[in-house]
Amino acid sequence: MNHTTNNKEDDAINNFASGGRYRLFECITSLSTSTNWEEAKKEWYLAHIEIASPEEVADNEYQCLCGHKHLKELCYIKNKKNGKEVLVGNCCVKKFLNLESDPIFRAVKKGKVNIATVDYAFERGIITEWERGFLKSTIRKRKLSFKQSAVLERLHKKIFGEVVSRQ
């Protein structure tokens, strides 16, 4: 995913080469309309997630705003107020921004869907309202009919094809 930024944004990202979470706080607030961390983090939402391929991880293709390198779980967050979009690692998203990415990644790693994955897929237009209802109604069932199993398999492929687009 190619994200273009202006010089101010590049400076904000590059100037925080050390300091871990404080660097993340400073970077997010500098890219937000609010200068207060607690208010600034409320401006951001989880726009898209991806899983990097092993080659991309080894080549250090992705780096979090906090400075963590070799990211595998990629979270693109977007600012509701100014439209800016940045890449943040899943650890920072769940620890500091309190966005629901971790349950989605856990489900994808297991090759299953959970409520968080279903909601994520529906909110992004990956699945329809009917498909969402079907998934939620069958998520805890142990025995499915042949037809239900076929629909479930198709929906899993549809969702994982979007989420795991880099593997």
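Trainee: Is F134 buried or exposed?

Mentor: F134 is buried, because its relative accessible area is 11%; buried means under 20%, exposed over 50% and partly exposed in between, with a 1.4 Å probe and protein chains only. Please note that this is a predicted model, in which local features need pLDDT of at least 70 and side-chain atom pairs count only at pLDDT 80 or more, while totals for chains, interfaces and linings use all residues. Residues are numbered from 1 along each chain as its sequence is written, and side-chain values use heavy atoms, with hydrogens and water left out.

Trainee: And W130, buried or exposed?

Mentor: W130 is exposed, with a relative accessible area of 55%. W130 and F134 both lie in helix 8, 4 residues apart, about one turn of the helix. Helices here are DSSP runs of H or I with at least four residues, strands are runs of E with at least two, and both are numbered from the N terminus.

Trainee: Why is the pair of W130 and F134 called stacked?

Mentor: The ring centres of W130 and F134 are 5.4 Å apart and the planes lie at 15°, so the pair is stacked. Rings of Phe, Tyr and Trp (its six-membered ring) pair if their centres lie within 6.5 Å; planes under 30 degrees apart count as stacked, over 60 as edge-to-face and the rest as tilted.

Trainee: How do helix 8 and helix 9 cross?

Mentor: The axes of helix 8 (residues 129-138) and helix 9 (residues 146-163) come within 11 Å and cross at roughly 115°. Axes are lines fitted to C-alpha atoms, for helices over the stretch in contact, and angles run from 0 to 180 degrees between N-to-C directions.

Trainee: Which residues of helix 8 make the contact?

Mentor: Helix 8 contributes W130, E131, F134, L135 and T138, and its partners in helix 9 include V151, L155 and I159. Contact means heavy atoms within 4.5 Å.

Trainee: Turning to the sheet, what is its strand order?

Mentor: The order is 1-2-3 in an open sheet of 3 strands with antiparallel pairing; two strands pair if DSSP finds at least two bridges between them. Strand 1 (44-51) and strand 3 (85-89) are the edge strands.

Trainee: How many bridges join strand 1 to strand 2?

Mentor: There are 7 bridges between strand 1 and strand 2 (residues 73-79).

Trainee: Which helix lies across strand 1 and strand 2?

Mentor: That is helix 6 (residues 102-110), running at about 15° to strand 1.
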